[in-house]
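Student: I would like to learn how to read a predicted model, one feature at a time. Where should we begin?

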Amino acid sequence: MDTLDSLREHLQWTIELEHATLPPYLTALYSLDPEPNPAVVEVVSGVFVEEMLHLALAANLLNAVGGAPRLDTPEMLPLHPRKLPHGDLELSLVPFGPEVLEMFLRLEQLAPPGAPPEDNNYETIGQFYAAIEQGLRYLCDTLGEKEGWVRVAADAMVI
């Protein structure tokens with residue numbers, strides 16, 4: 001990510017990635033009976049809300065660097081099962097249970113220590129976000145003070 005256009009493209013991919021996580025979490029949530037499972041409902045609901053926040057933050061970053069978030073493209077609504085955008089993890093719409101828990105664990109898996117940033121075909125979402133941060137910081141350093149918004153965006157990269 002060494003150009004603004006590339007950064008904007010990757011931030012749009014971030015929006016698509018976060019959007020892709022919503023249907024599996026919501027499907028699992030709606031499959032739960034809240035009365036006997038209040039703690040599970042609270043956890044899954046909380047993660048769903050965090051994924052929505054991640055999507056909003058990605059859209060805000062894209063706006064901050066002069067892009068225009070797109071949420072109404074056909075690519076945003078593929079059939080399931082489907083791959084996580086620009087990654088290999090398969091996402092399915094299944095009720096809460098062992099299968100969905102395994103999928104969520106893979107989805108939320110941390111990058112191994114020392115794993116390199118990956119801007120495409122990433123193994124973990126953390127590696128993808130590390131590449132976004134690296135791109136933001138690089139552009140800030142190369143564009144200098146006249147593009148001060150880039151430094152603000154890079155320092156705010158906490159998704």
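Tutor: Begin with a pair of helices: α1 passes α4 in a left-handed crossing. Left-handed means that the near helix is turned anticlockwise from the far one by less than a right angle; clockwise would be right-handed. Helices (DSSP H or I, at least four residues) and strands (E, at least two) are numbered from the N terminus.

Student: What should I know about the model before going on?

Tutor: This is a predicted model, in which local features need pLDDT of at least 70 and side-chain atom pairs count only at pLDDT 80 or more, while totals for chains, interfaces and linings use all residues. Residues are numbered from 1 along each chain as its sequence is written, and side-chain values use heavy atoms, with hydrogens and water left out.

Student: At what angle do the axes of α1 and α4 cross?

Tutor: An axis is a line fitted to C-alpha atoms, for helices over the stretch in contact, and the angle between N-to-C directions runs from 0 to 180 degrees. The axes of α1 and α4 cross at roughly 155° and come within 10 Å. The two helices are therefore roughly antiparallel. The cut-offs are under 35 degrees for roughly parallel, over 145 for roughly antiparallel and 65 to 115 for roughly perpendicular, with the rest oblique.

Student: How do α1 and α2 cross?

Tutor: Helix α1 covers residues 4-30 and helix α2 covers residues 38-64; their axes come within 9 Å and cross at roughly 165°. α1 and α2 are therefore roughly antiparallel to each other, and α1 passes α2 in a left-handed crossing. The contact of α1 with α2 has 16 nonpolar, six polar and three charged residues. In that count, Ala, Val, Leu, Ile, Met, Phe, Trp, Tyr, Cys and Pro are nonpolar, Asp, Glu, Lys and Arg are charged, and the others, Gly among them, are polar.

Student: What is the overall order of helices and strands?

Tutor: The protein has five helices and two strands, and along the sequence these follow the pattern α-α-β-β-α-α-α.

Student: How far does α1 reach from its first C-alpha to its last?

Tutor: The expected span of a helix is 1.5 Å times one less than its number of residues. α1, with 27 residues, reaches 40 Å, close to the 39 Å expected. The 27 residues of α2 should also span 39 Å, and its end C-alpha atoms are 38 Å apart, which agrees. Just after α2, Gly-66 takes a positive phi of about 85°.

Student: How many residues of α1 are buried?

Tutor: Buried means under 20% relative accessible area, exposed means over 50%, and partly exposed lies in between (1.4 Å probe, protein chains only). In α1, 19 of the 27 residues are buried, so α1 is largely enclosed by the rest of the structure. The buried residues of α2 include Val-41, Phe-48, Glu-51, His-54 and Leu-62. Of the 159 residues of the protein, 40% count as buried.

Student: How many aromatic pairs are there in the whole structure?

Tutor: Rings of Phe, Tyr and Trp (its six-membered ring) pair if their centres lie within 6.5 Å; planes under 30 degrees apart count as stacked, over 60 as edge-to-face and the rest as tilted. A search of the whole structure finds three aromatic pairs. One of them joins Tyr-122 and Phe-128, with ring centres 5.1 Å apart and planes at 40°, so this pair is tilted. The pair of Phe-128 and Tyr-129 has ring centres 6.1 Å apart and planes at 55°, so it is tilted. Tyr-122, Phe-128 and Tyr-129 form one aromatic cluster. Tyr-122 and Phe-128 are buried, and Tyr-129 is buried too.

Student: Which backbone angles deserve a look?

Tutor: Look at the loops. The peptide bond from His-80 to Pro-81 is cis, with omega near 0°, and Pro-81 is in the loop between α2 and β1 (82-83). His-86 is in the loop between β1 and β2 (90-91); its phi is near 60°, a positive value in a residue other than glycine. Asn-121, in the loop between α3 (98-107) and α4 (125-143), has a phi near 55°, a positive value in a residue other than glycine.

Student: Is His-86 buried or partly exposed?

Tutor: His-86 is partly exposed, with a relative accessible area of 27%. Asn-121, at 51%, counts as exposed.
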